[in-house]
Amino acid sequence: VIPDGQLAVTVTLSDPARVASFLQPGSEIAIFVTGQRSKTRFTEVLLPRTKVLAVGTQVVATNGTTAGGNNSALITVAVTPFQAKQLIHASQTLSLYFGLRSAGADFDNVPLVTDENLLK
């Protein structure tokens, strides 16, 4: 079920970029992007908190169980209309990486990572 006011957007990711087999429908993730601006390579949080709707064709059934098959390279998430534009653009122009969130994961004071500050 797509939350009111949101869209379902599907992206294809490699095994490591989708947290291997740990993602399940209902998981909460952070979405990271890696790319290059001018001569500076960077990694940044694109969407800090996003709900996974489906993994492959596996979805949350109405009774709360998981139903369907699993082509796990396809991940469908629930996003706002603006986040959908961000995610689609990033999936076409940058590298995406998902992180499985825990309750205390906070990105408020986490800076952009570049080649210059990677090892600081």
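Which residue lies over the face of phenylalanine 42? Arginine 37 does, at 4.5 Å from the ring centre. Please keep in mind throughout that this is a predicted model. Here are some places to look as you get to know it.

1. **The aromatic pair.** Searching the whole structure turns up one aromatic pair. Its members are phenylalanine 32 and phenylalanine 107, whose ring centres are 5.7 Å apart; the planes meet at 80 degrees, so the arrangement is edge-to-face.

2. **What the pair joins.** Distant parts of the chain are linked here, as the two residues are 75 residues apart. Phenylalanine 32 belongs to strand 2 (residues 28-37), while phenylalanine 107 sits in the loop between strand 7 (95-100) and strand 8 (113-114).

3. Buried would require a figure under 20%.

4. **A nonpolar patch on the surface.** Val113, Leu118 and Leu119 make a nonpolar surface patch of about 330 Å². Leucine 118, one of these residues, is found in the segment after strand 8. Its relative accessibility is 54%, so leucine 118 is classed as exposed.

5. **Glycine 5 and its contacts.** You will find glycine 5 in the segment before strand 1 (7-12). Which residues does glycine 5 touch, leaving aside those up to four places away in sequence? The answer is Thr80 and Pro81. From glycine 5 to valine 79 the C-alpha to C-alpha distance is 8.6 Å, although 74 residues separate them in sequence. Even with those contacts, glycine 5 is exposed, at 63% relative accessibility.

6. Valine 19 is not a glycine, yet its phi is positive, at about 60 degrees. Alanine 20 lies in the loop between strand 1 and strand 2 as well, and its phi, near 50 degrees, is another positive value in a residue other than glycine.

7. Valine 19 has a relative accessibility of 18%, so it counts as buried. Alanine 20, in contrast, is partly exposed, with a relative accessible area of 35%.

Note on methods:
Residues numbered from 1 in each chain as written. Predicted model: local features only at pLDDT ≥ 70, side-chain atom pairs only at ≥ 80, totals over all residues. Heavy atoms only, no water. Phe/Tyr/Trp six-rings, centres within 6.5 Å; stacked < 30°, edge-to-face > 60°. Helix = DSSP H or I, 4+ residues; strand = E, 2+ residues; numbered from the N terminus. Lys NZ or Arg CZ within 6 Å of the ring centre and 35° of its normal. Patch = residues over 30% accessible without salt bridge, like charges linked within 9 Å, V, L, I, M, F, W, Y side chains within 5 Å. Areas by Shrake-Rupley, 256 points an atom, 1.4 Å probe, with all protein chains shown as cover. Salt bridge = Lys/Arg side-chain N within 4 Å of Asp/Glu carboxyl O. Buried < 20%, exposed > 50% of the residue type's maximum accessible area, 1.4 Å probe, protein only. Contact = heavy atoms within 4.5 Å.
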